[in-house]
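Student: I've got a model loaded and would like to go through it with you. Can we work through it by question and answer?

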Amino acid sequence: MSLNKRIAIAIIAIIAAFSCKKEAPAPAPKPKLAKVVMNMNPSLTYAPLMIALEEGFFAQEGIDIEIATLDSNSAVAAAAAGKLDVLSSGVRSGVFNMIARTGHMRVVADKGHSTTNCVADAFIAPIATAERIAANGGKLRGERIALTRGGLNEFLTLRLLQSRGATLQDVTMIQLPSGTPATTRDKMDAVRLTTEPNLSGILHDGWAKIVASAEEIEPEHQNALLVYGKRLNEDEPATGHAFMRAYLRGVRQYNQGKTDRNVAILTKHTKLDEPIVRNMCWTAFYDDGRIRPERVQPFLDWALQQKLLDAPMTVAQWWNPAFVEAAQKDR
């Protein structure tokens with residue numbers, strides 16, 4: 001066969017190969033992420049949310065998180081107005097009143113509770129005040145006591161007074177509005193409740209001492225709650241389930257303890273020095289995310305007695321375990 005003929009055959013073969021080649025399919029469009037708005041602040045009770053964000057757990061569940069930085073009162077108001085899909089809040093009478101009034105919101109997960117392993121929330125006072133109280137057998141008569149009204153702070157403060165044989169009439173009360181800046185309250189010459197990470201920061205600075213731990217005053221109490229608004233609780237439960245799966249992955253990683261990765265994430269979000277993050281008491285979280293209603297009930301009973309709660313509430317009115325139960329099955 002001549003050279004020219006061999007070249008012609010080769011060219012024909014190449015043309016045939018190209019003509020038979022299928023075009024590569026166009027890449028599938030990425031699914032649109034569902035935007036979920038939640039509040040978050042640099043408190044340790046937000047740690048699993050911080051981890052879930054940093055590790056991409058929400059994105060993996062198809063969720064785009066939008067963070068709103070709000071003080072506690074503004075966050076509750078935003079949730080009631082439907083501007084927050086997920087409310088992270090301390091245990092407060094206002095949260096339960098909001099749930100009762102709207103009828104569409106529910107507590108859906110644990111967001112931190114007291115622990116016997118270490119002191120994560122405690123009553124502190126300037127050193128001279130704390131030492132005077134200790135020398136007086138722990139008695140609080142005549143002392144200055146600071147509190148924020150209507151929430152767990154007030155509940156635990158009154159429990160503290162009761163445990164020390166004192167009443168409101170025996171002390172000077174200083175009412176702190178919610179959201180009082182740390183620069184205003186930290187140097188106050190009064191006994192007050194503070195939590196991690198502020199507690200470790202204050203003790204590290206060396207100007208205050210612990211008067212009593214909150215766990216000592218009210219064992220196994222619930223500190224904070226995760227609440228779904230109407231959208232996730234009723235209108236789009238699939239999104240609610242996806243959020244919960246991501247959140248509980250964050251909880252489980254957090255519960256692995258003070259790993260280098262967890263410490264790095266919390267250091268970034270709390271803005272604290274790494275040694276403080278490593279040494280402070282980490283808030284306790286249940287792996288399964290379930291609330292223990294019996295540990296919330298003492299607060300609700302007190303709030304009703306103090307007329308801070310609109311009306312008595314059954315557990316079913318405020319607690320929806322469906323999301324954490326489904327997340328456990330999906331593991």
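Student: Leaving aside its neighbours within four places in sequence, which residues is Thr194 in contact with?
Tutor: Before that, some housekeeping: this is a predicted model, where local features need pLDDT of at least 70 and side-chain atom pairs count only at pLDDT 80 or more, while totals for chains, interfaces and linings use all residues. Residues are numbered from 1 along each chain as its sequence is written, and side-chain values use heavy atoms, with hydrogens and water left out. Contact here means heavy atoms within 4.5 Å. With neighbours within four places set aside, the list for Thr194 is Ala120, Asp121, Ala122, Ile124, Leu199 and Ile202.

Student: Where does Thr194 lie, and is Thr194 buried or exposed?
Tutor: Thr194 lies in strand 8, residues 192–195; helices (H or I, at least four residues) and strands (E, at least two) are DSSP runs, numbered from the N terminus. On accessibility, buried means under 20% relative accessible area, exposed over 50% and partly exposed in between, with a 1.4 Å probe and protein chains only. Thr194 has a relative accessible area of 5%, so the label is buried.

Student: Zooming out, how many helices and strands does the protein chain have, and what share of its residues is buried?
Tutor: The secondary structure comes to 17 helices and ten strands. Of the 331 residues in the protein chain, the buried share is 50%.

Student: What share of the contacts with a separation of 6 or more comes from residues 24 or more positions apart?
Tutor: That one is a count over contacts in the protein chain with a separation of 6 or more. Residues 24 or more positions apart account for 79%.

Student: Which residues of helix 5 are buried, and what covers them?
Tutor: Helix 5 spans residues 93–102, and its buried residues are Ser93, Val95, Phe96, Asn97, Met98 and Ile99. After the helix comes Gly103, with a positive phi near 75°. The cover over those buried residues includes helix 4 (72–80), strand 3 (86–90), strand 4 (106–110), strand 10, helix 15 and helix 16 (315–318).

Student: Why do Glu220 and Arg295 count as partly exposed?
Tutor: Glu220 also has a phi near 60°, a positive value in a residue other than glycine. As for accessibility, Glu220 counts as partly exposed because its relative value is 41%. Arg295 counts as partly exposed because its relative value is 25%.

Student: Which residues are linked with Arg245 in a network of salt bridges?
Tutor: Arg245 forms a salt bridge with Asp330, the closest N and O atoms being 3.1 Å apart. This pair links distant parts of the chain, Arg245 in helix 12 (residues 237–254) and Asp330 in helix 17 (residues 322–330), 85 residues apart. The residues linked with Arg245 in the network are Glu61 and Asp330.

Student: Which residues line the largest cavity?
Tutor: On a 1 Å grid over the protein atoms alone, a cavity is a set of points where a 1.4 Å probe fits but cannot get out, a pocket is an open set with protein on both sides within 12 Å along at least five of seven lines, and lining residues have an atom within 4 Å of a point. The search finds one cavity of 30 Å³ or more, and the largest cavity holds about 40 Å³ of space, a volume being the space filled by probe spheres set on points joined across faces, edges and corners. Helix 7 (152–163) and helix 15 (297–305) each supply at least two residues of its lining. The lining is Val91, Leu152, Phe155, Glu218, His221, Gln222, Arg295, Val296, Pro298 and Phe299.

Student: And which residues are closest to the centre of the second largest pocket?
Tutor: The second largest pocket has about 170 Å³ of space, and 13 residues line it. The closest to its centre are Asn117, Tyr254, Gly257, Trp282 and Thr283.

Note on methods:
A salt bridge is a side-chain nitrogen of Lys or Arg within 4 Å of a carboxyl oxygen of Asp or Glu.
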